[in-house]
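Please open the model in your viewer and keep the sequence panel beside it. This tour goes from one selection to the next and says what is found at each stop.

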Amino acid sequence: MAVYAVTTLAHLVLLSVMTGPDGPSLGDRLLAWDGHHYTEIAAHGYPQGLSHTPDGRLTGNNLAFFPLFPLLIRAVHAVSGLSWGAAGIATAHLALIAALITVHRLVTRLYGRRTATMAIVLLAGAQPMAQVFTMAYSESLFLALAAGVLLAAHRHAWLTAGGLALLAGLARPAAAAVVAALAVAVGLHLLRERRLAWRPLAALAPAVAGTPLYLWWVGQQAGSPDAYFTIQEAGWGTHWDSGRAFFDFLGQTLTRGDGWVPVSTAVLLLAVIATTALAWQRTTWPPLLVYGTGILILTLGQSNYFHSKLRLLTPALLFLLPAARALARTAPRTAGIVLATSAFLGCWYGAYLLTTWHYSI
């Protein structure tokens, strides 16, 4: 809770200062872009089918956004009486609190309490675009559910892990990485026990159902089995291209880029790749490796707007562990200085991109 309070205050203060008195309100900033889509779904529901421009061209619509986060916004709105926008922000913050607690408990089990504390400071404050956790976006909810699946699997609470994986599949399509991690945990457990057990196997049935159920429902709404992917391509240019767009962006930016924002984005993405590779050690729990690496592959393998990739990587967790483990071995004063400096830079970077480079999320 202390980490949540300090990092959230830093995010909001820097965002408010950098917005300035003549800019949008702080609430408007926290509801920007996808936040409007989620609150609109919560208030009015989904469209009935595909959407087109006045000249008949197919365009994106709210069917591209998974349902769990807007459902929770609706619940918070009903219980609290908050406006739809305030309910969306509150839902994200409640999910962030749950995510930090769950990640702390998971990393404590794997590496100890000191490493866990370092990890959640880096997670909530220092990583690029951690600002998104304070906004009406579903990243904080997805992280809470993904960490919950991993924690439950590590404790062999298999049915809980399967239920949380089902919910993760209704929160974001990146839940494929969560399902893969749970499958690895189940496989390792069965190999270790050398016997079949029904609970681990039963956990996989709901785990794999969430995302396909939503994709099927979108297909029913729009009258086409691949409607979700059609909407994503039409509205946001998102499709699987095995990383071609990402490598094109790296090549162009690192050889001919003349703006510091694209260059810094490219350098930070390379840093995430490098630290993920560093995390591939024998002491890293395999399901966590699969989850974090899966999020990285799913993010870099799609052709969406390159500046949003740092935001999409915020729930990955794995790439933060090498730094967290290294800081846990340093003197408290050194760790405190490094964490404070990196958290300030992370909060500033997110605020700068959100106020200056408007397509960063």
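## The salt bridges

Begin with the charged side chains: the count of salt bridges comes to three, where a salt bridge is a side-chain nitrogen of Lys or Arg within 4 Å of a carboxyl oxygen of Asp or Glu. Side chains of opposite charge can pair when their charged atoms come close. Before selecting anything, note that this is a predicted model, in which local features need pLDDT of at least 70 and side-chain atom pairs count only at pLDDT 80 or more, while totals for chains, interfaces and linings use all residues. Residues are numbered from 1 along each chain as its sequence is written, and side-chain values use heavy atoms, with hydrogens and water left out.

Select Arg 311 and Asp 34 first, whose side chains meet in a salt bridge at 3.9 Å, N to O. Arg 311 lies in helix α16 (residues 309-312) and Asp 34 in helix α3, so this pair ties together parts that are 277 residues apart in sequence; helices here are DSSP runs of H or I with at least four residues, strands are runs of E with at least two, and both are numbered from the N terminus. Both Arg 311 and Asp 34 are buried, a word that means under 20% relative accessible area, whereas exposed means over 50% and partly exposed in between, with a 1.4 Å probe and protein chains only.

Glu 139 lies in helix α7 and Arg 172 in the loop between α8 (158-169) and α9 (175-193), so the pair ties together parts that are 33 residues apart in sequence. With a relative accessibility of 0%, Glu 139 counts as buried, and Arg 172 is buried as well, with a relative accessible area of 13%.

## Around Asp 34

Centre the view on Asp 34, which has its place in helix α3 (residues 34-44). Its relative accessibility is 14%, and Asp 34 therefore counts as buried. Leaving aside residues up to four places away in sequence, Asp 34 touches Phe 65, Ala 136, Tyr 137 and Arg 311, contact meaning heavy atoms within 4.5 Å.

## Helix α6

Next select residues 113-126, which make up helix α6: its 14 residues reach 19 Å from the first C-alpha to the last, close to the 20 Å expected at 1.5 Å a residue, the expected span being 1.5 Å times one less than the number of residues. Why is α6 described as largely enclosed by the rest of the structure? Eleven of its 14 residues are buried, so the rest of the structure largely encloses α6. Among these buried residues are Thr 115, Met 118, Ile 120 and Gly 125. To find their neighbours, display α1, α5 (84-111), α7 (139-154), α17 (321-328) and α18 (332-356), against which the buried residues of α6 pack.

## Helix α1

Move to Ala 10, found in helix α1, which is partly exposed with a relative accessible area of 28%. Ala 10 and Gly 125 are 115 residues apart in sequence and 8.2 Å apart in space, C-alpha to C-alpha. Val 13 also belongs to helix α1 (residues 2-19), and at 43% relative accessibility Val 13 counts as partly exposed. Together, Leu 9, Val 13 and Val 17 form a nonpolar patch on the surface, with about 290 Å² of accessible area. Such patches are made of residues with over 30% relative accessible area and no salt bridge, like charges being joined within 9 Å and nonpolar side chains (Val, Leu, Ile, Met, Phe, Trp, Tyr) within 5 Å; accessible areas come from the Shrake-Rupley method with a 1.4 Å probe, and for residues only the protein chains shown count as cover.

## The whole chain

Finally, zoom out to the protein chain, which has 18 helices and two strands. Of its 361 residues, 52% count as buried, and its C-alpha trace spans about 60 × 50 × 50 Å along its principal axes.
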